[in-house]
Amino acid sequence: MAAHRISLRAKVTLAMASVAVLVVVAILGTNFHLQRTQLLEEFQTFVRGVAGTTALALSGEEIDSIHKPNDSASSAFGRAISLP
C-alpha cells in the first residue's frame with residue numbers, strides 16, 4: 001500500500017494560502033465592524049440634532065399633556081405634530 005503523500009512545497013503553499021485567507025477574513029470582519037459602529041454613531045448624532053432642533057419648536061405644556069397612545073386624538077397632539 002502506497003500512502004498518498006503531499007510534497008513539502010504543497011504543504012507550504014497550503015499553509016500560506018490558509019494564513020492569507022485568515023488575514024483577509026480578519027481584515028474584512030474588522031472593517032465591517034468599524035463601519036457599522038461609525039454609521040451607528042453618525043445616525044445617533046443626526047437623531048440628537050433633529051430632536052434638539054424640534055424640541056425648540058415644541059410647547060412644553062402641550063407635550064406634558066401627552067402621556068398615552070389615546071392622547072393622539074387630543075388637540076395638543078395635533079398642534080405638536082403640525083409645527084410651522
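1. Ground rules. Residues are numbered from 1 along each chain as its sequence is written. In this predicted model, local features need pLDDT of at least 70 and side-chain atom pairs count only at pLDDT 80 or more, while totals for chains, interfaces and linings use all residues, and side-chain values use heavy atoms, with hydrogens and water left out.

2. Confidence. The protein has an average pLDDT (the predictor's confidence in each residue, from 0 to 100) of 85, and 90% of the residues score at least 70.

3. Fold and outline. You will find three helices and zero strands; both are DSSP runs numbered from the N terminus, helices being H or I with at least four residues and strands E with at least two. The C-alpha trace spans about 90 × 25 × 15 Å along its principal axes.

4. Burial. What share of the 84 residues counts as buried? The share is 5%, where buried means under 20% relative accessible area, exposed over 50%, and partly exposed in between (1.4 Å probe, protein chains only).

5. A spot to look at. Valine 50 sits in helix H1 and counts as partly exposed because its relative accessibility is 40%.
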